[in-house]
There are 2 protein chains.
Amino acid sequence: MSTKTIPYKIYLEEKEMPKAWYNLRADMKNKPAPLLNPETKKPMTAQDLSAVFCDELTQQELDDTTPFIDIPDEIRNFYKMYRPSPLVRAYCLEKKLDTPAKIYYKFEGNNTSGSHKLNSAIAQAYYAKKQGLKGVTTETGAGQWGTALSMACSYFDLDCKVYMVKVSYEQKPFRREVMRTYGASVVPSPSTTTKIGRKILEDHPGTTGSLGCAISEAVEVATETDGYRYVLGSVLNQVMLHQSVIGLETKIALDKYDIHPDIIIGCAGGGSNLGGLIAPFMGEKIKGKTDYRIIAVEPASCPSFTRGKYAYDFCDTGMICPLAKMYTLGSGFIPSANHAGGLRFHGMSSTLSQLYDDKLMEAVSVEQTEVFDAAQKFARIEGILPAPESSHAIKVAIDEALKCKETGEEKTIVFGLTGTGYFDLFAYEKFNNGEMSDDIPTDEQIAASLANLPQV
Amino acid sequence: MSTKTIPYKIYLEEKEMPKAWYNLRADMKNKPAPLLNPETKKPMTAQDLSAVFCDELTQQELDDTTPFIDIPDEIRNFYKMYRPSPLVRAYCLEKKLDTPAKIYYKFEGNNTSGSHKLNSAIAQAYYAKKQGLKGVTTETGAGQWGTALSMACSYFDLDCKVYMVKVSYEQKPFRREVMRTYGASVVPSPSTTTKIGRKILEDHPGTTGSLGCAISEAVEVATETDGYRYVLGSVLNQVMLHQSVIGLETKIALDKYDIHPDIIIGCAGGGSNLGGLIAPFMGEKIKGKTDYRIIAVEPASCPSFTRGKYAYDFCDTGMICPLAKMYTLGSGFIPSANHAGGLRFHGMSSTLSQLYDDKLMEAVSVEQTEVFDAAQKFARIEGILPAPESSHAIKVAIDEALKCKETGEEKTIVFGLTGTGYFDLFAYEKFNNGEMSDDIPTDEQIAASLANLPQV
């Protein structure tokens, strides 16, 4: 252990920032299973994928052998506007908990998208621009990914069409207006601008939409409009690759002060943040260089790791996207409407699923009232108002720190603070008013949803 | 000029952060005029002030001779959680404008209050706690100051009562919930919790409140409740003192890279940001060490510097607070309801008013449609979604950079980016929809308001 004083916030210098992303799959002994073509059930080829994704992203999606992939200068320059993100020593939280544990968090919220999503959005926009495309399409639910993508597209002067689930479009006007300020066109889904949208509106007049429907509309527009491709903010291998910048910066900062983490904690929805945060640490663990306890935290309302099945499934409820092998609750699974804390995806990144199946990481699920309680405690003592998603990791970091208090162990805990909760204040209001409840799916609900897995 | 490469963001190390605030008044040749007791018209004494403010803040308010005042360790530790704030080189904006000017901005938005207000809130909460008080009261309009104060009080475990103008309480539920998350009690004003509130409700049933009324309620509670004091987020000398941390950090960062600014630009409402940003530069200018062009930017809808009168006036519309000599539009002046860009105070800090009267700084006013246009341009190219207040400074910084493009001069421009616009999206929506207009007071309106200045 170094004798250097650890500052409240460790910022890397620009010249210390990573110059390449780390492709964890290259070092995995058991590679994640390939995506399958939903019609032929054969592995997706580059040609299959290039109708949907632009060419370099298709390559990144399929590449499980190259360990480091250079970050193009144009992306590194954009990263310099909001990165390196600080690695913060939670001195005040440690004191409040009266724990001998040392707690650090990597804070990704200091940018207008309010989260880590921008790390991949800017990369995906760059490759689309480089290929000479006119624009990209995507779907967004709560709007975090849509915001990040609209920022990235505005920077590269690329058209950005966002299909936003209608109920969010109407209930989250702030997110919508951020996207519009960055020049994106935001369409409430289902809409009359697509065939699938018109069909759904005809079959279900008055529907408030779903993520599955928004994906279908975005994919339809991307594949049928000249010069457009579809982009996605989580789950995919390419996204894990771009997000490795989080873990790489974290590791450089820790190494600089000779800090060795014992436990690394991240929230997990589709897995983009967790996959990025743990990448270089998991790489070392796989190579047997050093050991780390790695914990994925998921909501008890949407427990894909802890109660799902490891199987091939559709990535979207519309069942038009490739099949992925992952821990899944079934593509028709929808968390309770009471669930406010994000991380609502029914499945999990193939890479993380394989690592979990190989017992290289643990997973726990937590209930939302205890998550918001941890969020409030953290806000009051560390200043930052955390996103509900991030607060899942806070809850477990606090639990681990309190265990250290009991045992007297001076463990070093690192967790990912993925973003801020400025656009989640309806959920905080519910919590502040004591109106928030927990709502956990029954075994029967999960079994029913899993009964519809595709035959592979 | 140094040959060092200037990074996108200059972060000071913790050990380089200021250890004392700078009290510009100590170096002013013409001191700002003293506050007057509204009844006796005599200068306010420490005893007069200590009924409203806690003792050390009273001292700071009256001290115009001590140039540096140590920042207590407890406050410096809190500063370390969100400071130093970055001094950003606006490389992308320079490129977009194709200007030879070098543009820097000091960004104060990387904290949950979303602005520089926290710099003074934490100081005021600290001194209240140190004096053994139970809590503080304040008013808030849009909620930026109330948020900062609730964060500070939660950190020091101090009770915080915020009187929030009723129309904002209802229309800005997000701000209200942030404050509640930090444990503040937020009361819509006018309320039945005070004598003045009950009287106003009786006289004007159905009123949606005003800042003047909220101040009156907060002061009544502070002065009539044992162990409470009132705190204020702008205008006062003590606030300028605390905010000097902005300018001190800026100067240290510039000096580190041998950068000499030619023009320093800040938005000005009550003057807390501008006063803080320019303090050390103005100090050098007064001493004749070096010259800087310093520009205050105010909204054309509330033009106290450019169209107001330099005179004693009330600080509040309720006329219960001390009289201050300042550039003012009259304490009854209310900007058009169309005005969305903040900076609504009718007067200006006494310190800045004296400096302006001494021709040590300039002032310009700008209209809100051009302000939001500059905000949108800035967001799209520099990533950060700026607060409307801050965007006044962006507008003039862009104007000055474009002048450099015409003349070919390589001037260095520094401006204050006081905060983020995450809670101002109704205003952005209006702008995005093309529904925003300019609304400038007529000469007759200003004359009518100035006709009611108090006799001194």
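Visitor: How many residues of chain B are in contact with chain A?
Guide: Happy to start there; this is a predicted model, in which local features need pLDDT of at least 70, side-chain atom pairs count only at pLDDT 80 or more, and totals for chains, interfaces and linings use all residues. Residues are numbered from 1 along each chain as its sequence is written, chains are lettered from A in the order in which they are written, and side-chain values use heavy atoms, without hydrogens and water. Contact means heavy atoms within 4.5 Å. With chain A contributing 42 residues, the number in chain B is 42.

Visitor: What area is buried between chain B and chain A?
Guide: Buried area is the accessible area (1.4 Å probe) that two parts lose on being put together, summed over both. Carbon and sulfur atoms give 58% of it, and the total is about 4,100 Å².

Visitor: Which residues of chain B lose the most area to chain A?
Guide: Three residues together account for 17% of what the chain B side buries. They are B:F174, B:T181 and B:Y422.

Visitor: What relation superposes chain B on chain A?
Guide: Copies are superposed by least squares on C-alpha atoms of residues with pLDDT of at least 70 in both. A rotation of 180 degrees with 0.0 Å of shift along its axis does it, at an RMSD of 0.0 Å. That is therefore the relation of a two-fold axis.

Visitor: Which residue of chain B comes closest to the rotation axis?
Guide: Going by C-alpha, the closest approach in chain B is 3.1 Å. The residue is B:N110.
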